[in-house]
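Have a look at it with me before reading on.

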Amino acid sequence: MSQQSVKQAVQKTVAAIEKNPDAAKIIYRAEVDWEGDVKCTSRVRHFEPVTIDEPAAFGGGDAAQSPADLILTALGSCQEIMYAALAATMDIPLDGVKVKLKGNLDLRGLLGMGKEASIPPGFTGIQYEAIIQSPASEEELKRLVDAVESQCPILDTLTRAIPVRSSATINGEAGYVSSQETV
């Protein structure tokens with residue numbers, strides 16, 4: 001798809017939302033099935049299933065990306081998509097975009113060894129660098145970077161507290177809600 005095609009697709013979506021603001025509200029869905037050991041399969045819409053696994057050091061077969069890898073992948077790919085979409089709508093030519101990411105994780109937290117030291121089970125920090133190639137001016141590219149940083153939905157999701165509600169069906173009995181629910 002060319003930059004012009006991306007621009008037209010984005011403009012068409014914007015026009016549809018301007019006509020009907022409710023069209024902007026969408027729901028994403030995924031279903032993940034445990035395959036045994038620490039291997040899972042994710043199913044999203046009509047796409048081929050995606051395998052998720054852990055490295056051997058965590059009991060996995062290292063056959064696929066881990067959930068932590070997928071968070072970095074989601075952020076990096078969302079950044080790249082936003083660069084492509086916003087550059088197209090801002091008429092900024094792009095020759096290339098690459099995002100390098102790194103996440104810091106302390107295994108003591110996810111292994112339940114960090115409660116006394118307040119070590120969280122998830123990432124303690126994420127760093128990333130967008131490497132942009134473009135003949136556009138530095139000023140235009142800085143505007144693009146600022147737009148991507150302020151509009152990237154995965155970055156927003158990772159940096160803004162959002163409510164997450166969980167429930168579990170245990171042996172056919174639905175309705176258990178964990179005490180770990182966030183608001």
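**Entry 1: ground rules.** I call a residue buried when its relative accessible area is under 20%, exposed when it is over 50%, and partly exposed in between, using a 1.4 Å probe and protein chains only. This is a predicted model, so I kept local features only at pLDDT of at least 70 and side-chain atom pairs only at pLDDT 80 or more, while totals for chains, interfaces and linings use all residues. Residues are numbered from 1 along each chain as its sequence is written, and side-chain values use heavy atoms, with hydrogens and water left out.

**Entry 2: Gly-60.** Is Gly-60 buried or exposed? Gly-60 counts as buried, because its relative accessibility is 15%. I found Gly-60 in the loop between β3 (50-52) and α2; helices (H or I, at least four residues) and strands (E, at least two) are DSSP runs, numbered from the N terminus. I then listed contacts, meaning heavy atoms within 4.5 Å. Not counting residues up to four places away in sequence, Gly-60 touches Val-38, Asp-53, Glu-54 and Pro-55. I also checked Gly-36, which is 24 residues from Gly-60 along the chain; their C-alpha atoms are separated by 9.7 Å.

**Entry 3: Thr-41.** Next I went to strand β2, where Thr-41 lies. Thr-41 is buried, since its relative accessible area is 9%. For polar contacts I took pairs of N or O atoms within 3.5 Å; within protein, one must be able to donate a hydrogen and the other to accept it, and residues adjacent in sequence count only if both atoms are side-chain atoms. The side chain of Thr-41 makes such a contact with the side chain of Glu-35, at 2.9 Å.

**Entry 4: helix α2.** I moved on to α2, which has 23 residues. From its first C-alpha to its last, α2 reaches 32 Å, close to the 33 Å expected at 1.5 Å a residue; the expected span is 1.5 Å times one less than the number of residues. Its buried residues include Leu-72, Leu-75, Cys-78, Met-82 and Leu-86. What do the buried residues of α2 pack against? I noted α1, β4, β5, α4 and α5. Just after α2, Asp-91 takes a positive phi of about 55°. Asp-91 sits in the loop between α2 and β4 (96-104).

**Entry 5: Phe-123.** I looked up Phe-123 in the loop between α3 (107-110) and β5. Phe-123 counts as partly exposed, because its relative accessibility is 24%. Leaving aside neighbours within four places in sequence, Phe-123 is in contact with Ala-68, Ile-71, Leu-72, Gly-103, Asn-104 and Leu-105. Phe-123 and Ala-68 are 55 residues apart along the chain, yet their C-alpha atoms are separated by 8.1 Å.

**Entry 6: Ser-134 and helix α4.** Ser-134 is in the loop between β5 and α4. I put Ser-134 down as buried because its relative accessibility is 18%. A polar atom of the Ser-134 side chain lies 2.4 Å from the backbone oxygen of Pro-93, and the side chain also reaches the backbone nitrogen of Ala-136 at 3.0 Å. Leaving aside neighbours within four places in sequence, the contacts of Ser-134 include Leu-141.

Leu-141 is also one of the buried residues of α4, along with Leu-144, Ala-147 and Val-148. They cover an arc of only 120° around the axis, which puts them on the same side of α4; the arc is that of the directions from the helix axis to the C-beta atoms. On the other side of α4, I found Glu-138, Glu-139, Asp-146 and Ser-150 exposed. The buried residues of α4 pack against α2 (67-89) and β5 (125-133).

**Entry 7: Asn-171.** Asn-171 is in the loop between β6 (168-170) and β7 (173-176). Its phi is near 50°, a positive value in a residue other than glycine. Asn-171 counts as exposed, because its relative accessibility is 78%.
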